[in-house]
Amino acid sequence: TDIASLVTNKQSGIKLVVNLARASETVKPEFVSLPEGKYSIKLVNSLGQVMYRNFISYVGGSGYQQFTLPSQLAGGTYQLEIVTPGKNKSVQRMLIQ
C-alpha cells in the first residue's frame, strides 16, 4: 500500500493512506488531532475543474472520515484538497483508475 501523508506537523494533520482509487470507491482520510468544525473537500481534475465537492462536520480529535467518489469520474490524476475550519489547505495528488 502506498502511503501519502498530508501532515501539518507530527502531532496533527490529515493522512491519506491510499492515493490510488477507482470511481465509486470510498476514500477514508485520517484526521489526526484536529479541531471541531466544518471541513471542505474538493477533487480537482488536471484542467482545474472541481469534479467533486463536499463538506464534513468533524467532531474534533482523531479519527477516519469517509466519502465516496462519484461514479462518473474519468481515470486520471486529480488533486484532493481538504480545507480546515482555520482555512489551512492540505493538497494531495490522487490517481483514479
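**Exercises on a predicted model**

Five bridges join strand 6 to strand 10, and these two strands run antiparallel; strands here are DSSP runs of E with at least two residues, numbered from the N terminus, and two strands pair if DSSP finds at least two bridges between them. This is a predicted model, in which local features need pLDDT of at least 70, side-chain atom pairs count only at pLDDT 80 or more, and totals for chains, interfaces and linings use all residues. Residues are numbered from 1 along each chain as its sequence is written, and side-chain values use heavy atoms, with hydrogens and water left out.

**Exercise 1.** Find the bridge partner of I41 in strand 10, and then place the strand in its sheet.

*Solution.* In strand 10, I41 has I82 as its bridge partner. Next, the open sheet is read in the order 3-11-10-6-7, with mixed pairing among its five strands. Finally, strand 3 (20-21) and strand 7 are the edge strands, each pairing on one side only.

**Exercise 2.** Identify the residues with the most contacts inside the largest nonpolar core.

*Solution.* A nonpolar core is a set of buried (under 20% relative accessible area, 1.4 Å probe, protein chains only) Ala, Val, Leu, Ile, Met, Phe, Trp, Tyr and Cys residues joined through side-chain atoms within 4.5 Å. The largest one has 20 residues, and L43 and L69 have the most contacts inside it. Strands that each supply at least two residues of this core include strand 6 and strand 10 (76-83). Leaving aside neighbours within four places in sequence, L43 is in contact (heavy atoms within 4.5 Å) with residues including L69, L73, L80 and M94.

Definitions and conventions:
Buried means under 20% relative accessible area, exposed over 50%, partly exposed in between (1.4 Å probe, protein chains only). Helices (H or I, at least four residues) and strands (E, at least two) are DSSP runs, numbered from the N terminus.
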